[in-house]
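I opened this notebook to record what I looked up in the model, entry by entry. The entries follow the order in which I went from one region to the next.

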Amino acid sequence: MPVLAVVANSTWGWQGVLVSSPYPPESDIGEVLLSAEDIQRRVAELGAEITKDFADTTPMLIGVLKGSVIFIADLMRAIAGPVEVDFMAVSSYGDATESSGVVRIVKDLDSSIAGRDVILVEDIIDSGLTMAYLVDYLTGQGPKSLRTCSMLVREGRTAPGVSLDYVGFELPPAFVIGYGLDVGQRYRNLPFIATYSPSDEGSAPGSGSTSE
Ligand code: PRP
């Protein structure tokens with residue numbers, strides 16, 4: 001039977017939320033860099049901006065699995081107008097902790113983007129190599145327009161040759177978890193973004209997440 005706990009730390013924005021045992025032990029969660037409220041406020045701003053920019057058209061949001069799932073789900077609901085959504089999956093890290101720069105498409109789009117207004121949605125731009133590859137790939141599919149949107153961009157980083165059109169926050173160089181960002185596929189469901197601070201150093205991340 002899951003153990004339930006009430007998280008009372010107001011910084012986390014989880015007051016009154018019951019947390020079952022599959023969630024990480026609290027000791028693995030370090031400093032909360034962006035609270036759930038910070039994130040939701042910014043998502044609402046981005047949604048309003050996109051609503052205005054695409055008032056006369058139906059943009060197609062393309063999420064990059066898996067990290068962008070949480071963000072794109074919130075973002076599309078913050079857009080006050082018709083949107084469509086599709087997903088791609090790429091493999092760029094494997095077991096490595098830094099991108100090799102070689103991106104392999106694991107799941108392609110379900111439908112054509114030719115002539116469409118497209119927004120490529122990421123959770124994080126770290127080295128920028130994934131975004132740069134995907135922009136190049138999608139440009140080749142003949143969209144009417146292509147913009148980029150990332151919840152997080154690593155401070156001082158860009159995606160080579162890519163215009164970053166909608167950005168949530170700049171992120172300092174720390175290994176972070178939550179709001180889509182994982183360690184070993186866990187922690188994506190945290191509603192905030194925090195540094196990862198494992199109580200057992202031996203259980204350090206093995207996922208090759210880009211969030212470091
Ligand atoms: C992350 C993230 C981006 C990419 C960014 O995905 O979601 O797709 O890495 O890194 P870059 O800017 O250095 O190329 P990851 O490979 O960790 O997979 P995930 O989304 O399934 O967690």
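**Entry 1: two tyrosines in a loop.** I began with tyrosine 187, which has a relative accessible area of 3% and is therefore buried, the cut-off being under 20%. I worked throughout on a predicted model, and I keep that in mind for each value below. Tyrosine 187 sits in the loop between strand 10 and strand 11, and its phi is near 80°, a positive value in a residue other than glycine. When I looked for a charge by its ring, I found arginine 186 lying over the face of tyrosine 187, 5.1 Å from the ring centre.

Tyrosine 179 belongs to the loop between strand 10 and strand 11, and there I noted a positive phi near 50°, again in a residue other than glycine.

**Entry 2: aromatic pairs.** How many aromatic pairs does a search of the whole structure find? I counted 3 of them. In one, the ring centres of phenylalanine 71 and tyrosine 179 are 6.5 Å apart and the planes meet at 55°, so I classed the pair as tilted. Because phenylalanine 71 lies in helix 2 and tyrosine 179 in the loop between strand 10 and strand 11, this pair ties together parts that are 108 residues apart in sequence. Both phenylalanine 71 and tyrosine 179 are buried.

I then turned to phenylalanine 175 and tyrosine 196, whose ring centres are 5.9 Å apart with planes at 50°, so this pair is tilted too. It links distant parts of the chain, since phenylalanine 175 is in the loop between strand 9 and strand 10 and tyrosine 196 is in strand 11, 21 residues apart. Phenylalanine 175 has 10% relative accessibility and so counts as buried, while tyrosine 196, at a relative accessible area of 11%, is buried as well. Ring pairs join Phe175, Tyr187 and Tyr196 into a cluster, which brought me back to the tyrosine of my opening entry.

Entry 3: Strand 10 is joined to strand 11 (residues 193-196) by 2 bridges, and the two run antiparallel. Isoleucine 177 has alanine 194 of strand 11 as its bridge partner.

**Entry 4: helix 1.** I checked the length of helix 1 (residues 36-53): its 18 residues, at 1.5 Å a residue, should span 26 Å, and the end C-alpha atoms are 26 Å apart, which agrees. Which residues of helix 1 are buried? I listed Ala36, Ile39, Arg42, Val43, Leu46, Gly47 and Ile50. Viewed down the axis of helix 1, these buried residues fall within an arc of 145°, so they line one face of the helix. The buried residues of helix 1 pack against several elements, among them strand 3, helix 2 (69-77), strand 7 (117-125) and strand 11.

**Entry 5: strand 7 and isoleucine 125.** Strand 7 is mostly covered, with 9 of its 9 residues buried. Strand 4 (residues 60-65) runs parallel to strand 7 and is joined to it by 4 bridges, with valine 121 of strand 7 as the bridge partner of glycine 63. Strand 7 also pairs with strand 8 in the parallel sense, over 8 bridges, and isoleucine 119 stands opposite arginine 147 in strand 8.

Isoleucine 125 has its place in strand 7 and is buried, with a relative accessible area of 2%. Leaving aside neighbours within four places in sequence, I found isoleucine 125 in contact with Met131, Ser150, Leu152, Val153, Arg154 and Leu164. Isoleucine 125 and glutamate 170 are 45 residues apart in sequence, and their C-alpha atoms are 9.5 Å apart in space.

**Entry 6: a cis peptide.** Last, I noted a cis peptide bond between leucine 65 and lysine 66, with omega about 0°. Lysine 66 lies in the loop between strand 4 and helix 2.

Key. Residues numbered from 1 in each chain as written. Predicted model: local features only at pLDDT ≥ 70, side-chain atom pairs only at ≥ 80, totals over all residues. Heavy atoms only, no water. Pairing = 2+ DSSP bridges. Expected span 1.5 Å × (residues − 1). Buried < 20%, exposed > 50% of the residue type's maximum accessible area, 1.4 Å probe, protein only. Arc of directions from axis to C-beta. Contact = heavy atoms within 4.5 Å. Phe/Tyr/Trp six-rings, centres within 6.5 Å; stacked < 30°, edge-to-face > 60°. Lys NZ or Arg CZ within 6 Å of the ring centre and 35° of its normal.
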